[in-house]
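Hi there,

Here is the structure I promised to send over. Please have a look at it first, and then read my notes below.

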Amino acid sequence: GSGISFFTFPKDVNLRKQWAHYCRRKEFIPTSGHRLCSVYFSSNCFMQDPQLLGQIGLQETFKKRLKPNSVPDIPLLTEDELSNKPSAAGVCGIFC
């Protein structure tokens, strides 16, 4: 697989607001259908470190799970940055 996971927005109101703010979309209100891509979370946000698991060949064995209060912490790419990185744009848009 691609190693990418998609996470639903948290039910906790404050955490949900933080995730929505991160998306930088004007007047965005996430619904149950919205997801955020795992590429926007650093290794510190996951229960198991995906990079470490990959190094020892176990990345595909474990489902990526976020720690309970994780907030996306890897900066979003701008439209210009996405257009210069076709591989990233093909996998994830500004907002997955």
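**Around the aromatic rings**

Phe7 is a buried residue, with a relative accessible area of 12%. Please keep in mind while reading that this is a predicted model.

Phe7 has a ring partner in Phe41: the two ring centres are 5.8 Å apart and the planes stand at 80°, so this pair is edge-to-face. Phe7 belongs to strand β1 (residues 6-8), whereas Phe41 is in the loop between β2 and α2 (50-55), so the pair ties together parts that are 34 residues apart in sequence. Phe41 is buried as well, because its relative accessibility is 3% and the cut-off for buried is under 20%.

Which other ring pairs with Phe41 in a tilted arrangement? That is Trp19, at 5.2 Å centre to centre and with 55° between the planes. This pair, too, links distant parts of the chain, since Trp19 is in helix α1 and Phe41 in the loop between β2 and α2, 22 residues apart. Both Trp19 and Phe41 are buried.

Stepping back, the structure holds seven aromatic pairs. Ring pairs join Phe7, Phe9, Trp19, Phe28, Phe41 and Phe46 into a cluster. One of these rings also has a charge over it: the charged end of Lys64 sits over the ring of Phe46, 5.7 Å from its centre.

**The nonpolar core**

How many residues does the largest nonpolar core have? There are 16, and those with the most contacts inside this core are Phe7, Trp19, Leu36, Tyr40, Phe41 and Leu66. The elements that give two or more residues to the core are α1 and β2, and α1 provides the largest share, with four residues.

Now to something away from the rings. Most residues other than glycine have a negative phi. Arg24 is not a glycine, yet its phi is positive, at about 55°. Glu27 is another such case, with a positive phi near 55° in a residue other than glycine.

Where is Arg24 found? Arg24 is in the loop between α1 (13-22) and β2 (35-37), and Glu27 has its place in the loop between α1 and β2 as well. Are they buried or exposed? Arg24 counts as exposed because its relative accessibility is 56%, and Glu27 counts as exposed at 71%; the cut-off for exposed is over 50%.

**The chain as a whole**

Finally, the overall picture. The chain has four helices and two strands, and from the N terminus on the elements run β-α-β-α-α-α. Of its 96 residues, 32% count as buried. The accessible surface of the chain comes to about 6600 Å², with 53% of that belonging to carbon and sulfur atoms. Among contacts between residues at least 6 apart in sequence, 61% join residues at least 24 apart. The Phe7 and Phe41 ring pair, for its part, bridges parts that are 34 residues apart.

Happy to go through any of this with you.

Best wishes

Key
Residues numbered from 1 in each chain as written. Predicted model: local features only at pLDDT ≥ 70, side-chain atom pairs only at ≥ 80, totals over all residues. Heavy atoms only, no water. Buried < 20%, exposed > 50% of the residue type's maximum accessible area, 1.4 Å probe, protein only. Phe/Tyr/Trp six-rings, centres within 6.5 Å; stacked < 30°, edge-to-face > 60°. Lys NZ or Arg CZ within 6 Å of the ring centre and 35° of its normal. Core = buried A, V, L, I, M, F, W, Y, C linked by side-chain atoms within 4.5 Å. Contact = heavy atoms within 4.5 Å. Areas by Shrake-Rupley, 256 points an atom, 1.4 Å probe, with all protein chains shown as cover.
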